[in-house]
Amino acid sequence: MKVVVIQGPNLNMLGIREQNIYGPMKLEDIHSQMEGYAKQNGIEVEFFQSNLEGEIVDRIQECIDDAEGIIINPAAYSHTSIAIRDAISAVRIPIIEVHISNIYAREEFRHTSLVAPVCTGQISGFGPFSYHLAMIAISQILSEVRAMKESQNKQPAE
Ligand code: DQA
């Protein structure tokens, strides 16, 4: 099973930006931890980061033929982007929204996520560990999807 991890604007600055909020860990380190979990659990994982809304929309769209699940931190675009929300609605595969910080404990403009209602679920506020929780969630969901498909295939045709 293949999972694509999509990282939005300024997440390439992790480890440098607002360490009091996001901590000292760099994006590459978060990704190598995710890679470790993926290897142990037979998941193929691919990482993508962009500061550009349209590139994020393009990468989500490509997942239609390319991936079984998505983990996405749309960062600031979570609160503003109808385009990213519409792309998520279009792909119809399990998608976990991730935030490092607890967006509900921060400024009011961060309390609304436009993408949350079209994602399978949201994980917010566990620091970089949010990504690990998202890997556990997506692998569980994809195993359930696979088991369901297999049992449907075994049903005798009417
Ligand atoms: C963030 C929260 C957003 O509000 C913010 O714009 C980010 C990071 C998080 O992971 O906590 O860039 O998505």
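The model is a predicted one: local features need pLDDT of at least 70, side-chain atom pairs count only at pLDDT 80 or more, and totals for chains, interfaces and linings use all residues. Residues are numbered from 1 along each chain as its sequence is written, and side-chain values use heavy atoms, with hydrogens and water left out.

Let me begin with the cores. A nonpolar core is a set of buried Ala, Val, Leu, Ile, Met, Phe, Trp, Tyr and Cys residues joined through side-chain atoms within 4.5 Å. Buried means under 20% relative accessible area, exposed over 50%, and partly exposed in between, with a 1.4 Å probe and protein chains only. The largest nonpolar core has 23 residues, and Leu14, Met34, Ile71, Ile96, Tyr131 and Met135 have the most contacts inside it. At least two of its residues come from each of strand S1 (2-7), helix H2 (27-40), strand S4 (95-99) and helix H5 (129-154); helices (H or I, at least four residues) and strands (E, at least two) are DSSP runs, numbered from the N terminus. Another core, of 18 residues, lies apart from it and includes Ile88, Val91, Ile95 and Cys119.

I turn to the salt bridges, each a side-chain nitrogen of Lys or Arg within 4 Å of a carboxyl oxygen of Asp or Glu. The whole structure holds 9 of them. In one, Arg59 pairs with Glu46, with the closest N and O atoms 2.7 Å apart. This pair links distant parts of the chain, since Arg59 belongs to helix H3 (residues 53-66) and Glu46 to strand S2 (residues 44-49). Arg59 counts as buried, at 6% relative accessibility, while Glu46 is partly exposed, at 29%. Arg59 also forms a salt bridge with Glu62, at 3.2 Å between the closest N and O atoms.

Which residue forms a salt bridge with Arg110? The partner is Glu107, and their closest N and O atoms are 2.7 Å apart. Arg110 is buried, with a relative accessible area of 16%.

Arg110 brings us to the largest pocket. Among its 15 lining residues, Arg17, Tyr22, Ala75, Ala76 and Arg110 are the closest to its centre. Ala76 is in the loop between strand S3 (69-73) and helix H4 (82-91), and is partly exposed, at 41%. Ala76 and Arg110 are 34 residues apart in sequence and 8.1 Å apart in space, C-alpha to C-alpha. A pocket is an open set of points on a 1 Å grid over the protein atoms alone where a 1.4 Å probe fits, with protein on both sides within 12 Å along at least five of seven lines; lining residues have an atom within 4 Å of a point.
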